Amino acid sequence: TGLGIYIVISVVSLIVLLFASEWFIDAAERIGLSFGISPFIIGVTIVAFGTSLPELATSVASVYSGNSEIVIGNVVGSNITNILLVLGLTAFLGKKYIKLNFNIWEIDMPLLITSAVLMYFAIWDQHIDLLEAIIFLAALAGFLLNSVRGSKEDPREKTPVKLRDVIKLIL
């Protein structure tokens, strides 16, 4: 039946995704470490962008097909899933706490909260205009610049945990 084919395609796609993610993580780690970038920053930049590309493609396709409300649902749903499911499941499956070798409260949490507040005000009028898009992109550029610069200067960023081990635990 039609449903059976979709189930088989989903299972095969999941298997391919698992193998491809291993290759992607290895390549991202090698690229980042060759530039002297910490595993945390590799996760924040290379891995985050790589895993966000399908969401970006879906969002752009949705806008072009006239279903732009999917974009906001995609963004909000992805953030909720990443924070609650991925973080929660990682801690649960690891049967331990997640130890951070740096203070996430200094930069990352204020930026996470600020981005949520910006999103709230951007969708207040039920559309996102060009100025709001430029503000979002400028904030992203500032965050990335600060993260990469900070990873080379802050000795607390050095961690013995390998990025691929963290991703393997998640997957």
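Select helix 2 (residues 39–64) and helix 3 (residues 69–94), which pack at an angle of about 160 degrees with their axes 8 Å apart. Helix 2 is therefore roughly antiparallel to helix 3, a term for angles over 145 degrees. Axes are lines fitted to C-alpha atoms over the stretch in contact, with angles from 0 to 180 degrees between N-to-C directions; helices are DSSP runs (H or I, at least four residues) numbered from the N terminus.

The model is predicted: local features need pLDDT of at least 70, side-chain atom pairs count only at pLDDT 80 or more, and totals for chains, interfaces and linings use all residues. Residues are numbered from 1 along each chain as its sequence is written, and side-chain values use heavy atoms, leaving out hydrogens and water.

Now centre on Ser-62 in helix 2. Ser-62 is buried, at 8% relative accessible area (buried means under 20%, exposed over 50%, partly exposed in between; 1.4 Å probe, protein chains only). Leaving aside neighbours within four places in sequence, Ser-62 touches Asn-67, Ser-68, Ile-70 and Val-71.

Finally, select Tyr-120, Phe-121 and Trp-124, a cluster linked by ring pairs (rings of Phe, Tyr and Trp, the last by its six-membered ring, pair if their centres lie within 6.5 Å; planes under 30 degrees apart count as stacked, over 60 as edge-to-face and the rest as tilted). The Tyr-120 and Phe-121 rings are edge-to-face, with centres 5.3 Å apart and planes at 80 degrees. Tyr-120 is partly exposed at 46% relative accessibility, while Phe-121 is exposed at 55%.

Technical notes
Helix = DSSP H or I, 4+ residues; strand = E, 2+ residues; numbered from the N terminus. Parallel < 35°, antiparallel > 145°, perpendicular 65-115°, else oblique. Contact = heavy atoms within 4.5 Å.
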